[in-house]
Amino acid sequence: SGMTSVRVGAIQSKDGDPLSRKRDSDAEGLTLLKGTPEKGTAYIAFERKHRISRYDIDAGGLSPARGKVSLPKSARGMPANGGFEAIAVLRGGPYQGRLVAFSERMRDGEGNHIGWIWEKDSRPRKFYLTNDGDYDITDAAALPDGALLVLERRFRWSEGVRMRLRLIKQQQLR
């Protein structure tokens, strides 16, 4: 409701074929790397077959996949339906222009959420977000000052669906 100038189409493989199998097409996160939604470059995160692919955007819509981001070895341990859920390109601060990604359900030994930040040398470095209340990570959005908003959700039969936003200040992102 209320949407204008919307383009709808299939996400394509690098060969230009529509992604048709569920394990190939389970897109969960999208972030703009540069440009605008009309002419730019975007990353799309997928789970099940875990990957983050790069796409160009122009008047014709979304291009076929233009490449993949190098993934951390630790990402291999993500659950099949709990992989890359939230991605963002930081817009300010010391990590400006860097990609950040979180697994929906991958946690460390203490139950903290696992995320990665890609450094200038394209190597992803692991970092952790404290697990407070046993929520799953759903999405992330970069703020102009280098901070990050993280959307979390949880479901319990006794309380229903709960959602919240957490602010990670740029000084806390390390």
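Here is a short chat about how a few residues in this structure get their labels.

Biologist: What should I know about the model before we start?
Modeller: This is a predicted model, where local features need pLDDT of at least 70, side-chain atom pairs count only at pLDDT 80 or more, and totals for chains, interfaces and linings use all residues. Residues are numbered from 1 along each chain as its sequence is written, and side-chain values use heavy atoms, with hydrogens and water left out.

Biologist: Why is glutamate 104 called buried?
Modeller: Buried means under 20% relative accessible area, exposed over 50%, partly exposed in between (1.4 Å probe, protein chains only). Glutamate 104 has 3% relative accessibility, so it counts as buried.

Biologist: Which residues does glutamate 104 touch?
Modeller: Leaving out residues up to four places away in sequence, its contacts include Glu47, Asn81, Asp136 and Arg153. Contact means heavy atoms within 4.5 Å.

Biologist: Why is arginine 48 called partly exposed?
Modeller: Arginine 48 has 31% relative accessibility, so it counts as partly exposed.

Biologist: What makes the phi of arginine 48 worth a look?
Modeller: Arginine 48 has a positive phi of about 75° although it is not a glycine. Most residues other than glycine have a negative phi.

Biologist: And aspartate 134, what is its phi?
Modeller: Aspartate 134 is not a glycine either, yet its phi is positive, at about 60°.

Biologist: Why is aspartate 134 called partly exposed?
Modeller: The relative accessible area of aspartate 134 is 39%, so the label is partly exposed.
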